[in-house]
Amino acid sequence: MAVTMLQDWCRWMGVSARRGLLILGIPEDCDEAEFQESLEAALWPMGHFTVLGKVFREEDNATAALVELDREVNYALVPREIPGTGGPWTVVFVPRCSGEEFLGRVFHFLEQQGQTVESVAGALGLGLRRVCWLRSVSQAVQPWVETVRYQRLGVFSGRDQPAPGEESFEAWLDHTTDMMHVWQGVSERERRRRLLEALRGTALQLVHGLLAENPARTAQDCLAALIQVFGDNESQATIRVKCLTAQQQSGERLSSFVLRLEVLLQKAIEKGALPRASLDHVRLRQVLTRANLIEPLDEALRKLRMVGRSPTFLEMLGLVRESEAWEASLARSVRAPAGDGAGAQANAQAVARANAKAPGGPSPSLAQAGDEEAEEPPLEGLKPIPEESENEDGAGDTSHPESSSGK
């Protein structure tokens, strides 16, 4: 289950699961400094790493974090647990390759070197009996190896929003590139067939057109054409518009929107579409204007903006997670037993709403923001957001301008 969560999260973030670590069991009260210090102490032998995000898991009553390494996991160095606040934190990673995969790699290596099992055995000075034994073993496991070699690719159609059962281009390309390397010993015709088998819609029409024009094109040529058409070739203006029009979708959790927005913002920074100094300000602006916020969180974020204190990504995600946990607690409190009557439910709801204004409520930054207003830092190219007086008073009604949502 945890490995599946790691693979799904990595696929969503567009990174290789073999370079990812999932850290489980992090207490909610563990601050960022303690978290980073614990990771540094445990993961420094594995090289540079980046924390891609955190999420609160209700089933564990603890936080999980996704960490990306700058290389594939070294199974000899990766720790199984990390000593940290509240006890050891569990480290989850994609397990090393199975026996079948290992055999596949051995046979693939021999093919690349132009060797056979028999020739290797002869070079090692093994007798005829052992050569025959190795030959029988190789014949027995060959179907196994071919099965491992031929892993069907995921499905890609070129849609902006992948249909059920389809993959995004980034996730599909990552897997396809790996399999192309594994299939180096396969004939070019078979490699093209396997590639076409994974394509649908516009992507399939594109490759069919390329092969009709020149049947001698290799599978790698077709893959390069797909990268050129469907790869990350957005202009600065396009990615900037996507950032500034991204909004929370119907049924989408607020934390999921914040994570999706962060991917767009980081891409915009990489392409130079937004200045890095404006990152926190743009994030705060988008959450305030393009998301559905409960009153305490809306009030806290507006107070922070008034004093010129835009939260970082991790701070924003922490506030959002705290808000979602409070909403879940409120929902549980109002679902009182039917025997208690409507009066008990109303009382529970009133108590829960009162707790939102207490120090332990979902908006601790409100008390820290102070009462003094400050001007927002200017952002080149962005128009100021008109504010209604009722929102400035903390009413919590956030306007949603009509515009197309980001992908």
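**Aromatic close-ups in a predicted model**

**View 1. An aromatic cluster brings together four residues.** Ring pairs join F156, F169, W172 and F230 into a cluster. The model shown here, and in every view below, is predicted. If you go looking for aromatic pairs elsewhere, a search of the whole structure finds six.

**View 2. F156 and F169 form a tilted pair.** A pair of aromatic rings is described by the distance of the centres and the angle of the planes. Here the ring centres of F156 and F169 are 5.1 Å apart and the planes meet at 55 degrees, so the pair is tilted.

**View 3. Are F156 and F169 buried or exposed?** F156 has a relative accessible area of 4% and is buried. F169 also counts as buried, at 7% relative accessibility.

**View 4. A lysine sits over a phenylalanine ring.** Turn now to F35: K54 lies over the face of this ring, 3.9 Å from the ring centre.

**View 5. The chain around these details.** Stepping back, the chain has 17 helices and five strands. Of its 407 residues, 42% count as buried. Take the contacts between residues at least 6 apart in sequence: 67% of them join residues at least 24 apart. The accessible surface of the chain comes to about 22,300 Å², and carbon and sulfur atoms account for 52% of that surface.

How values were computed: Residues numbered from 1 in each chain as written. Predicted model: local features only at pLDDT ≥ 70, side-chain atom pairs only at ≥ 80, totals over all residues. Heavy atoms only, no water. Phe/Tyr/Trp six-rings, centres within 6.5 Å; stacked < 30°, edge-to-face > 60°. Buried < 20%, exposed > 50% of the residue type's maximum accessible area, 1.4 Å probe, protein only. Lys NZ or Arg CZ within 6 Å of the ring centre and 35° of its normal. Helix = DSSP H or I, 4+ residues; strand = E, 2+ residues; numbered from the N terminus. Contact = heavy atoms within 4.5 Å. Areas by Shrake-Rupley, 256 points an atom, 1.4 Å probe, with all protein chains shown as cover.
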